[in-house]
Amino acid sequence: MNQEIINYLNKFRTQYLADLGCTITDASQEEQFCKMEFDISERYCHVDSIIQGGFVTAMLDAVTAHVVFAVVPKIKGLSTLELKVSFYEASRAGKLFAVGRIDRLGKSIAFLSGDLYNEAGQRTASITTTAKFVVEKNPS
């Protein structure tokens with residue numbers, strides 16, 4: 001675990017992640033991954049404690065974006081250009097675990113993927129995404 005990176009990511013954590021009960025649990029610049037834990041309440045669910053798909057997508061989009069912030073030095077911002085989410089099982093209220101990875105990193109474009117797991121370790125959803133990022137320019 002790289003506590004310095006986790007502290008950096010938590011410093012800029014947005015309110016919606018706090019609302020979703022998000023904790024950044026691990027990140028690695030070298031291995032290019034980020035892990036998050038979510039504690040989702042019933043208020044984000046439809047019937048039978050099933051989390052609404054937009055919130056599942058938000059969790060996956062967040063974990064993939066955060067890995068870019070963990071890896072790219074002097075990053076100023078990141079925008080998702082495209083994403084695809086596959087739902088395998090119902091994601092239910094309670095603890096969920098997300099892992100985001102960089103599949104390929106260019107000068108300003110990142111190809112990312114991630115998975116969401118329930119407490120039993122079953123993968124409930126996956127994401128592939130393309131994102132554009134901006135880094136600070138060195139003054140000339």
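Six strands make up an open sheet with antiparallel pairing, in the order β1-β2-β4-β5-β6-β3; strands here are DSSP runs of E of at least two residues, helices are runs of H or I of at least four residues, and both are numbered from the N terminus. Two strands are taken to pair if DSSP finds at least two bridges between them. The edges of the sheet are formed by β1 (23–28) and β3 (75–87), each of which has a single partner strand, so one side of each is left without a neighbour in the sheet. From one strand to the next, the twist averages 20 degrees. The model is a predicted one, in which local features need pLDDT of at least 70 and side-chain atom pairs count only at pLDDT 80 or more, while totals for chains, interfaces and linings use all residues. Residues are numbered from 1 along each chain as its sequence is written, and side-chain values use heavy atoms, with hydrogens and water left out.

Strands of a sheet pair through backbone hydrogen bonds, in either a parallel or an antiparallel sense. In this model, β2 and β4 run antiparallel and are joined by eight bridges, with Lys35 opposite Val99 in β4. Strand β4 pairs with β5 in the antiparallel sense over nine bridges, and Leu96 stands opposite Asn118 in β5. A hairpin with three residues between its strands is formed by β4 and β5.

Strand β5 (residues 109–118) pairs in turn with strand β6 (residues 123–135), in the antiparallel sense and over nine bridges. Along this pairing, Ser113 faces Thr128 in β6, and Ala110 has Ala131 in β6 as its bridge partner. These two strands form a hairpin with four residues between them, and Gly121 in the turn has a positive phi of about 85 degrees. Eleven bridges connect β3 and β6 in the antiparallel sense, and Ile75 lies opposite Val135 in β6.

Helix α1 lies across β1, β2 (33–40) and β3, and runs at about 135 degrees to β1. Helix α3 lies across β1, β2, β3, β4 (94–105), β5 and β6, and runs at about 140 degrees to β3. Axes are lines fitted to C-alpha atoms, for helices over the stretch in contact, and angles run from 0 to 180 degrees between N-to-C directions.

The helices α1 (residues 3–11) and α3 (residues 53–71) also pack against each other, at an angle of about 120 degrees and with axes 10 Å apart. This angle makes α1 oblique to α3, given that angles under 35 degrees count as roughly parallel, over 145 as roughly antiparallel, 65 to 115 as roughly perpendicular and the rest as oblique. In the contact, Ile5, Tyr8 and Leu9 of α1 meet His66, Phe69 and Ala70 of α3. By class, the contact of α1 with α3 has five nonpolar, one polar and no charged residues; Ala, Val, Leu, Ile, Met, Phe, Trp, Tyr, Cys and Pro count as nonpolar, Asp, Glu, Lys and Arg as charged, and the others, Gly among them, as polar.

Rings of Phe, Tyr and Trp (its six-membered ring) pair if their centres lie within 6.5 Å, with planes under 30 degrees apart counted as stacked, over 60 as edge-to-face and the rest as tilted. By this rule there is one aromatic pair. The ring centres of Tyr44 and Phe55 are 4.8 Å apart and their planes stand at 80 degrees, so the pair is edge-to-face. Because Tyr44 lies in the loop between β2 and α3 and Phe55 in helix α3, the pair ties together parts that are eleven residues apart in sequence.

Technical notes. Contact = heavy atoms within 4.5 Å.
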